[in-house]
Every structure is written in structure tokens, then in C-alpha cells.
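Biologist: Can you walk me through this one? I'd like to start with the overall layout and then go into details.

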Amino acid sequence: MSFITRGFTGRSRERDDRLPPGQTLVHDFPVLSAGPTPEVDTADWEFTIRTEHGGRRWSWDEFMQLEIEDVTTDIHCVTHWSKLGTNWRGVSLDTLFAEVETEYDYVMAHSYGGYTTNVPLEELLGGRAWVAFEFDGEPLDPEHGGPARLLVPHLYFWKSAKWVRGLELMPTDDPGFWEQNGYHLHGDPWKEERYW
Amino acid sequence: MSEVQQLQAAPRTAWHVAEVTETRRETPTAARISLDVVGWPGNLAGQHLDVRLTAPDGYTATRSYSIASSGDGERVVLAVDRLPDGEVSPFLVDELRAGDRLEVHGPLGAFFVWRPPASGAVGRPVQLIAGGSGVVPLVAIARAHADAGDATPFRLLYSVRTPDDVFFAAELEAARRGPAPLEVEFVYTRSAPDGSGGPVGRITRERLAAAVIGADAAPIVYVCGSTGFVERVAAWLIELGHDQAAIRTERYGGT
């Protein structure tokens, strides 16, 4: 139920069907994080999936032996910017979960530095989520989440946890860090699920 | 402070109609915009909101801005810096005037905020570190501290191009002179006040180490500025022994 603001014409009319409502196309790559950028050496890096039965752990070298996929996708940040056609390389969560058994339906992603975010398990499967370690053909920059971040591009980008170190399966959809601090539990950009 | 605690219990965000009550030049590139927001539930110091502008053909543009004010009431103050290539900020800085209406959504964010400790209590010391227009949410925090007459030790380190570019200079000076303990130090990156003879240039690790509350006092640190500024400062703070979990960062983006 918008009304016109006097004198505002806007600049861009390049509406693109790939832009969700309320988003603006950017060509740089803004950074958002709640605290300092953690320094994580790949020699120390490990990735774990923890379930009610135990779990699975990979070192960086083991991770690099998994099937690696090239992903081209649009990304949408809750702070109103989107980038179209970004290029990533990473391991599909389908590959990781092929080695894991669980009855639980929800996931908490944990990051180096303490960040957490919650995602339903089914939204991480079916070719929709990766652990990504390259952006535009280069190792992922630490300020953008390197050495590796979650990539869940169909949800707002705070769900794509930077510096990811593991996934914890949960019986209920508990809120992660930003979800406790004002952001939506789910975060679908096409429904503008930005805030509580 | 019972009102603030109520907010904490029931933060309700929604779209609101805002009427501009005053705009004025804040710096050569920025404007201070006072809004009367019907139904605004009040906000904590450090929160932000979304501004939505709609053109006659229905085109809309939405951007996030930090709020320079806090507390109860329907008056909300923003300070917006004009980005040279921006779509929304040049309109807000140069075109907007009293009586205009726009939409705002908020208050938003519950992490980069400061709440006064319970009456009589002294909280952990607070170090505020601002780069340029990143000072806006920190002004809200410093003024909330001053308004509460809170005894928590506060320091603000403010990196800014020139004395003319300082946001809320009078308000910061008033807060500094008030009973709530606040020290303010400027780092001028282009030119210092006439006759001050102080150093000019980007903040360095040494300058930061000398100016901020030491890690041994376990301050909570709020850093806001450009990505480059925040990345540098936060990395130095960790090198200086500050607890990563006590450093809260916010950056302004490229839109």
C-alpha cells in the first residue's frame, strides 16, 4: 500500500525478473557480519555433521576429495542488495548427507567465530545448498566467509553461514543468531521473509 | 527504563508512514532528517530501519539506515550521507523537505544495540569506534548513555575526514560535558582543526591502541564504518587482546 513520495523518480528501471521484491541489483559484493572476521587456516579446518547417532567429520584434504560442483546462482541479502549470476565452487550437501543418517528435520549451521543459523534439512537437499570454497574462480576471501561458507542461495544470504564449520541436526526449528536478533526464522526472499 | 524493557519483550516491526518534520544540512555531504512516524513503537539505541520511496509509476527503492535517536515516542532522527553514485541517498540529502512523506519499516536489529544497565548498576565499559557516517548508530548509543545519566565508562573514537564532516558535533559535545562519563577522540584523515597541530591521516594500529579502552578492562566494543575500516579495526582489536565475542560490528554497504 505504497504512496508516492513527492519528487522521487528513482534512477533504474532495469527491472529484472530474477530480482525478488524490495531488492536492488549491485555489482560489488557488500560485506555484512556481526563481529570480526575469524582467521581459519585450512590446515586446522574441519567440517562436521552431528546427528542423534553421532556424525561425520572431514578434514580440508578429505573435503577436497569429494565431488566438487560449479554453481552459478543469484544471491539476495536481507539488506536489499542482490547479485545475479555469481559463480561458486563447492560440495553439494546432497554429497555430504549421503554419508549421514538422521530422523531429525532441522539443522543449525555453526561457524568459526560462533555464528549460527537455522535451516530446515529439506531446504539443504535436492541440489539447493553447498559448502562453497571458491568465488569467481578464486579461493573464498575471509571477509566473504573463507575458507568455506554455506551457500543456500534460495534463502536470504544470512542463511549462507560464513566460516562454516559444521551442521548440527535438531528435532525442532530453533532460531540461530540473526533469527534471535530480529530476522525471520525461514528467510524466503520471494516472500520477503526478512524480519519477525 | 521500563519502556525500553517493554520494547525488548515485544519488538514489533511494521511499515509506518513517516512525515518529514525537518531536514537540515549535517555536513557538506549529509543531511539530518527528523521524522514523525505514526505508530512507531520506539527504538533501542543502535537499531536501524528501512526507508521505502515510491515513484509516480509505482517503482520503489528501499534502503536501510541507522537511527540516530532512541527511546519512546514517534520522533525518529536519521542522518544520511550522500553516496556519489547513489539512487536514494542523493534524493534524501538534496530533495527531501519538511512535509514530505515516505515509508519506514522497523525498528530493526537487536544485536548492534546498547541498553542502559539497571539503575545504579555499572556495566562493562563501552568503546565506540566510528568511521565516517558509521557514527550514526554510535551517536544514538552515546546519547542514550548521556540521557540515562549512566555511570558506565564510555569512549568514542571517531575517524572523520575533516572537522566539517563531523556528524552531531554539538550533541556529542553536550554528551561529553554531561555527568555520564564519555571521552571523545577524533582521528582526522584529511585535515585537523586549525592550529590543533594534531596528526592527520588514516587510523593506525598504534593510534587505535593508544585511544581505546584496554583489553584488560574487558570493554564491549561497537565498530561501525565502511567494510575496509571495520575489517582493519576489528583485526587490530583482536591483536590487541580484545575478546572477539565482545566486538560488535556493523558496516554500511555500497548502495
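Modeller: A word on terms before the layout: domain bounds here come from an automatic or database domain assignment. On that basis, chain B is divided into domain 1 (2–108) and domain 2 (126–251). This is a predicted model, where local features need pLDDT of at least 70, side-chain atom pairs count only at pLDDT 80 or more, and totals for chains, interfaces and linings use all residues. Residues are numbered from 1 along each chain as its sequence is written, chains are lettered from A and ligands numbered from 1 in the order in which they are written, and side-chain values use heavy atoms, with hydrogens and water left out.

Biologist: How far apart do the C-alpha centres of domain 1 and domain 2 of chain B lie?

Modeller: They lie 23 Å apart. In contact terms (heavy atoms within 4.5 Å), 17 residues of domain 1 of chain B touch 16 residues of domain 2 of chain B.

Biologist: On to the sheet. What is the strand order in the open sheet of chain B?

Modeller: The order is β4-β3-β6-β1-β2-β5 in chain B, six strands with antiparallel pairing. Strands are DSSP runs of E, at least two residues, and helices are runs of H or I, at least four, numbered from the N terminus. Two strands pair if DSSP finds at least two bridges between them.

Biologist: Which strands stand at the edges?

Modeller: β4 (60–66) and β5 of chain B. Each has a single partner strand, so one side of each is left without a neighbour in the sheet. The twist averages 35 degrees from one strand to the next. For that angle, axes are lines fitted to C-alpha atoms, for helices over the stretch in contact, and angles run from 0 to 180 degrees between N-to-C directions.

Biologist: And how many bridges do β1(B) and β6(B) pair over?

Modeller: Six, in the antiparallel sense, with β6 of chain B covering residues 101–108. The bridge partner of Glu19(B) in β6(B) is Arg101(B).

Biologist: Now α4 of chain B. Which of its residues are buried?

Modeller: Glu171(B), Leu172(B) and Ala175(B), in a helix spanning residues 169–177. Buried means under 20% relative accessible area, exposed over 50%, partly exposed in between (1.4 Å probe, protein chains only).

Biologist: Why are they on the same side of α4(B)?

Modeller: Because they cover an arc of only 100 degrees around the axis. The arc is that of the directions from the helix axis to the C-beta atoms. The face turned away from the buried side carries the exposed residues Ala170(B) and Arg177(B).

Biologist: What covers the buried residues?

Modeller: The cover includes β1 (14–27), β2 (30–37), α3 (135–147), β8 (154–160) and β9 (182–188) of chain B.

Biologist: Switching topic. How many salt bridges are there over all chains?

Modeller: The count is 23. The rule is a side-chain nitrogen of Lys or Arg within 4 Å of a carboxyl oxygen of Asp or Glu. One of them joins Arg89(A) and Glu134(A) at 3.5 Å, N to O. Arg89(A) lies in β5 (residues 81–92) and Glu134(A) in β8 (residues 130–135) of chain A, so the pair ties together parts that are 45 residues apart in sequence.

Biologist: Is Arg89(A) buried or partly exposed?

Modeller: Partly exposed, at 28% relative accessible area.

Biologist: What about Arg32(B) and Glu26(B), buried or exposed?

Modeller: Arg32(B) is buried at 10%, and Glu26(B) is buried at 12%. Their side chains meet in a salt bridge of 2.6 Å, N to O.
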